[in-house]
Amino acid sequence: ENLITYIGNKSYYKDGVEILVKSFIMIANLYPDWNLMIIGDSGNNNMIEQLAINARLEERIILMGNVHRDKVPELLCRSKILALARPNNLQAEGGFPTKLGEYLLSEKPAIFTRVGENDKYVIENKHVFFVEPENMIEYANKMRYILQNYSSSVVIAKQGRQYVEDNYSYIIVGKELYNFLKSLKI
């Protein structure tokens, strides 16, 4: 389906849901066949609904609410673009969001903000698409770029999945951990 999707929970401010919604609103009229789907209870659904109503996009900004974790892979696969607009805040500084791995494994083009350690593990325009945090215009432009270049964006998404499989599977990491522990000679 022509869906740009965010999956999270109670993350309206932490994950930049407002930034994502406002960025989508900026390009929505250019791509009338595309919708934005927010999965999870943001804790501020009424604010999202009001943004959608004000932009006359209440039918195209879909609030799914909480879903069972078993349904998440299906929803990721139904979507064509996955998005996380996390702002540059204290929580983002010291972390690697699990969403990065999940999104990359889906083989869908993924947009992330350049916060925390995201760009230390994956390469922009080779595995994933990055934008500067809290920049709605840049975020909207990146969505537009992916929509206009979807075929080549899917190639990048496939490279992202392969990169995760080659470097972060439990088998690879388990071997590295085993070799490290063995080298300690305790």
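Hi everyone, let's start where two helices touch: Ile19, Leu20, Lys22, Ser23, Phe24, Met26 and Ile27 of helix 1 meet Met136, Ile137, Tyr139, Ala140, Met143, Arg144 and Leu147 of helix 7. Contact here means heavy atoms within 4.5 Å, and helices (H or I, at least four residues) and strands (E, at least two) are DSSP runs numbered from the N terminus. By class, this contact has 11 nonpolar, 1 polar and 2 charged residues. Ala, Val, Leu, Ile, Met, Phe, Trp, Tyr, Cys and Pro count as nonpolar, Asp, Glu, Lys and Arg as charged, and the others, Gly among them, as polar.

A word on the source: this is a predicted model, where local features need pLDDT of at least 70 and side-chain atom pairs count only at pLDDT 80 or more, while totals for chains, interfaces and linings use all residues. Residues are numbered from 1 along each chain as its sequence is written, and side-chain values use heavy atoms, with hydrogens and water left out.

How do the axes of helix 1 and helix 7 cross? They come within 8 Å and cross at roughly 55°; axes are lines fitted to C-alpha atoms, for helices over the stretch in contact, and angles run from 0 to 180 degrees between N-to-C directions. That makes helix 1 oblique to helix 7, since angles under 35 degrees count as roughly parallel, over 145 as roughly antiparallel, 65 to 115 as roughly perpendicular and the rest as oblique.

Now for another pair. The axes of helix 8 (residues 150-168) and helix 9 (residues 170-184) come within 5 Å and cross at roughly 30°, which makes helix 8 roughly parallel to helix 9. Glu165, Asp166, Asn167 and Tyr168 of helix 8 make the contact with Tyr170, Ile172 and Val173 of helix 9. Those residues divide into 4 nonpolar, 1 polar and 2 charged.

Next, please find Tyr13, in the loop between strand 1 (3-7) and helix 1 (17-28). Leaving aside residues up to four places away in sequence, Tyr13 touches Asn44, Met47, Pro87 and Asn89. Asn89 sits 76 residues from Tyr13 along the chain, yet their C-alpha atoms are separated by 9.7 Å.
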